[in-house]
Amino acid sequence: MQRISDFLIKLGAAGLVLMTAIIGWQVFGRFVLNDSPSWSEQAALILMIWYVFFAAAAGVYEGFHIRIALLENSLSEGRARMVRRVIHALVAGGGTVLLVYGAQLVWLVRDHVVPALGISRGFAYIPVPVCGLLIAVFAALHFVREGESAGAGEGKTTESEDI
């Protein structure tokens, strides 16, 4: 899983660099050559969809997604673990929603063509279900690990503290 996450981060970074180069070419074409390439805006938008979803999936695995730890920090370890497990379950559910509805979106727009690029609009949205699956798997993995750490006695609290 770590290799997949590392690959997603590298892919996201490469997408960001490539998108920046495309936008740079668009600006150069517009202001220096007075002829902006017609494909650059759509290509940059599709790249952004791709790298944002890949980075989001990696963020779930790496734990660098946005969260508010105020509640978690104010609870006992047992309750905080329970809150983390609920959060992981909710994130897994969100990933499943992205998987199901993202697959439907790809299917529904598969015949639509991006005019400036001549490719299927479905191609642009392929990362939605793929990363939805990865998000669900990564969150489920964290859910299981959180439960295993509770069973191993790590930070174990008494039953009265958990209530």
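My entries below go from the whole chain to single residues.

**Ground rules**

I am working with a predicted model, where local features need pLDDT of at least 70, side-chain atom pairs count only at pLDDT 80 or more, and totals for chains, interfaces and linings use all residues. I number residues from 1 along each chain as its sequence is written, and my side-chain values use heavy atoms, with hydrogens and water left out.

**Overall layout**

I looked up the secondary structure and found seven helices and two strands in the chain. These are DSSP runs numbered from the N terminus, helices being H or I with at least four residues and strands E with at least two. Read from the N terminus on, the order is α-α-α-α-β-β-α-α-α. The radius of gyration is 21 Å, well over the 15 Å that the globule rule gives for 163 residues, so the chain is more spread out than a compact globule. For my own reference, that radius is taken over C-alpha atoms, and the rule is 2.2 Å times the number of residues to the power 0.38.

I also noted the spans of the C-alpha trace along its principal axes, about 70 × 35 × 25 Å. Of the 163 residues, 30% count as buried. I use buried for under 20% relative accessible area, exposed for over 50%, and partly exposed for in between, with a 1.4 Å probe and protein chains only.

The chain exposes about 10100 Å², and carbon and sulfur atoms supply 68% of that area. The areas come from the Shrake-Rupley method with a 1.4 Å probe; for residues, only the protein chains shown count as cover. Next I checked contacts (heavy atoms within 4.5 Å). Among those between residues at least 6 apart in sequence, 74% join residues at least 24 apart.

**Salt bridges**

How many salt bridges does the structure hold? I count three, using a side-chain nitrogen of Lys or Arg within 4 Å of a carboxyl oxygen of Asp or Glu. Side chains of opposite charge can pair when their charged atoms come close.

- E77 meets R81 at 3.7 Å, N to O. The two are four residues apart in helix 4 (residues 77–108), so about one helical turn separates them.
- E77 also meets R84, at 2.9 Å, N to O.
- R84 pairs with E146, with the closest N and O atoms 2.8 Å apart. R84 lies in helix 4 and E146 in helix 6 (residues 127–151), so this pair ties together parts that are 62 residues apart in sequence.

I therefore wrote E77, R81, R84 and E146 down as one linked network of salt bridges. Are its members buried or exposed? E77 is partly exposed at 34%, while R81 is buried at 9%. R84 is buried at 16%, and E146 is buried at 13%.

**Helix 2**

I tested the length of helix 2 (residues 40–62). Its 23 residues should span 33 Å at 1.5 Å a residue, and its end C-alpha atoms are 32 Å apart, which agrees. The expected span is 1.5 Å times one less than the number of residues. Its buried residues include I46, L47, Y51, F54, V60 and Y61. G63 follows the helix, with a positive phi near 80 degrees.

Most residues other than glycine have a negative phi. N34 is not a glycine, yet its phi is positive at about 55 degrees. I found N34 in the loop between helix 1 (2–31) and helix 2, and it is exposed at 66%.

**Around H142**

Which residues does H142 touch, leaving aside neighbours within four places in sequence? They are V60, Y61 and H88. H142 sits in helix 6 and is buried at 18%. H88 is 54 residues from H142 in sequence, but their C-alpha atoms are 6.6 Å apart.

**A nonpolar patch**

Last, I looked at the surface. M1, I4, V97, L99, V100, Y101, L133 and V137 form a nonpolar patch with about 660 Å² of accessible area together. Patches are made of residues with over 30% relative accessible area and no salt bridge, joining like charges within 9 Å and nonpolar side chains (Val, Leu, Ile, Met, Phe, Trp, Tyr) within 5 Å. Helix 4 and helix 6 are the elements that give two or more residues, and helix 4 gives the most, with four. I4 belongs to helix 1 and is partly exposed at 36%.
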